[in-house]
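Hi,

Here is the structure I promised to pass on.

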Amino acid sequence: MPNAPVIYLDYNATTPCDPRVVEKMLPYFNQFFANPANGYHPLGRAAARAIDDARAQVAALVHTQPENIIFTGGATESNNLAILGLARRAASAPPPARRRQIVPSAVEHKAVLLPCKQLQANGFELTVLPVDSNGRVSLEAAKAAISDQTLLVSIQAANNEIGTLQPVAEIAAVAHEYGALVHCDAAQAVGKIALDMEVIGVDFLSLSAHKLYGPKGIGALCSRTSAAWRALEPLYYGGGQELGLRSGTSNVPAIVGFGEACRIAAECLSVEGKEIEEQRDQLERELAAAIPGIAFNAQGAQRLPNTASVIFPDVDADALLLNAPGVMLGLGSACNSRALEPSHVLEAIGLSRERAFSTVRITLGRFTSQADVTEAVKQIAQAYAAASSAAGA
């Protein structure tokens with residue numbers, strides 16, 4: 001007998017490639033396969049044009065200009081380029097103009113926090129902004145921390161674990177009053193909520209294609225103005241692609257797929273987001289009815305429409321997941337899932353270790369159906385009963 005189909009509810013970890021994205025990519029593997037840096041023959045020019053088109057599609061989604069898009073290997077690389085690249089350039093400034101303070105929030109992805117800590121080890125001042133019980137950064141804390149010594153403020157658009165949206169525009173305005181630059185890790189937000197770089201006012205924005213139904217291994221660092229690139233130095237050197245800030249032969253199929261994913265997201269963002277939010281709310285209501293004592297992190301905050309962070313009372317999250325093989329769920333951040341310590345995000349919002357280890361991330365997406373939600377609730381409730389029984393045995 002064939003295995004029953006699994007229900008995928010781990011969209012914040014990664015999304016499946018949209019079939020339209022795959023179809024768009026295919027010709028660039030074996031038909032238009034040339035190196036786009038070679039403009040002396042038609043195949044090279046065709047590949048270069050495809051990159052230009054994709055650059056324009058990514059730019060349109062976040063409301064900037066195509067020349068303000070640099071393709072990278074993903075948001076991790078983009079974050080590192082923005083943070084470390086800026087610090088490298090700042091280190092060469094004369095002492096009176098040299099700024100040494102880096103200001104991230106406590107709930108940033110490790111791809112932001114770890115580069116910041118590396119800079120701290122090299123003499124920079126690190127000020128980490130606290131968050132409230134919903135994971136939201138206090139604007140007052142930001143005002144108290146940011147000064148004329150601040151080089152960079154890095155605030156995510158939305159948290160990958162609990163979904164909380166941050167007051168990015170307000171914090172960016174404070175930072176700019178002091179002449180600091182602002183970076184925003186938007187990997188989880190793009191494609192789920194509307195993002196306009198002019199409105200939120202950040203200088204740099206990091207994206208990953210695989211978070212919005214594109215391929216893995218491709219992302220972008222976006223700037224609000226072309227002049228902002230002068231504030232960065234590259235992390236490594238080579239052929240000078242991407243304005244000399246990200247050398248290496250362009251991954252044309254992935255770039256094309258990224259562009260197509262952004263085009264699709266721009267077309268369906270508002271309708272799709274509303275439908276997914278309704279499904280998420282249904283899932284939370286049905287879980288609360290099925291499992292007494294269940295709780296939801298950041299439920300009262302502005303958050304991503306697809307994200308539910310669920311505390312299952314008196315049961316370890318990994319035990320629950322092992323008892324629910326038909327539903328693909330997440331433990332905090334997939335990028336940190338092998339850690340033995342509780343999620344830094346859940347610690348930052350004040351959860352005890354016990355409740356942090358009882359938290360499961362459930363994230364819905366484009367291909368989640370109403371039937372998936374109903375069946376998932378049923379299987380999760382059964383898994384909870386089994387795990388709870390085993391824990392009490």
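How many aromatic pairs does the count come to? Seven, with the ring centres required to lie within 6.5 Å. Keep in mind that this is a predicted model.

One of the pairs is Tyr-11 with Tyr-213, which is tilted, with 6.1 Å from centre to centre and 55° between the planes. Tyr-11 sits in the loop between strand S1 (7-8) and helix H1 (19-25), and Tyr-213 in the loop between strand S7 (204-208) and strand S8 (219-223), so this pair ties together parts that are 202 residues apart in sequence. Tyr-11 and Tyr-213 are both buried.

Then there is Tyr-28 with Phe-32: the planes are at 40° and the ring centres 5.5 Å apart, so this pair is tilted. Tyr-28 has a relative accessible area of 17%, so it falls under the 20% cut-off and is buried. Phe-32, at 26%, is partly exposed.

Back to Tyr-11 and Tyr-213 for a moment: together with Tyr-8 and Phe-367 they form one aromatic cluster. Tyr-213 also has a charge over its ring, as the charged end of Arg-366 sits 3.9 Å from the ring centre. Another arginine to look at is Arg-100, which lies over the face of Phe-124, at 4.0 Å from the centre of that ring.

Now the helices. At what angle do H4 and H5 cross? The axes of helix H4 (residues 75-91) and helix H5 (residues 110-121) cross at roughly 25° and come within 9 Å. That angle is under 35 degrees, so H4 counts as roughly parallel to H5. The crossing of H4 and H5 is right-handed. On the H4 side the contact is made by Thr-76, Asn-79, Asn-80, Ile-83, Leu-84 and Ala-87, and on the H5 side by Ala-111, Val-112, Pro-115, Cys-116 and Leu-119.

The other helix pair I'd show you is helix H3 (residues 42-62) with helix H9 (residues 252-290), whose axes come within 8 Å and cross at roughly 35°. Here H3 passes H9 in a left-handed crossing. H3 brings Ala-47, Ala-50, Ile-51, Ala-54, Gln-57, Val-58 and Leu-61 to the contact. The residues they meet in H9 include Val-252, Ile-255, Phe-258, Gly-259, Cys-262, Arg-263 and Ala-266.

Is Arg-361 buried or exposed? With a relative accessible area of 2%, Arg-361 is buried. Arg-361 lies in strand S12 (residues 359-363).

Trp-229 and Leu-304, by contrast, are 75 residues apart in sequence and 30 Å apart in space, C-alpha to C-alpha.

Cheers

Methods:
Residues numbered from 1 in each chain as written. Predicted model: local features only at pLDDT ≥ 70, side-chain atom pairs only at ≥ 80, totals over all residues. Heavy atoms only, no water. Phe/Tyr/Trp six-rings, centres within 6.5 Å; stacked < 30°, edge-to-face > 60°. Helix = DSSP H or I, 4+ residues; strand = E, 2+ residues; numbered from the N terminus. Buried < 20%, exposed > 50% of the residue type's maximum accessible area, 1.4 Å probe, protein only. Lys NZ or Arg CZ within 6 Å of the ring centre and 35° of its normal. Axes fitted to C-alpha atoms, helices over the stretch in contact; angles between N-to-C directions. Parallel < 35°, antiparallel > 145°, perpendicular 65-115°, else oblique. Left-handed = near helix turned anticlockwise from the far one by under 90°. Contact = heavy atoms within 4.5 Å.
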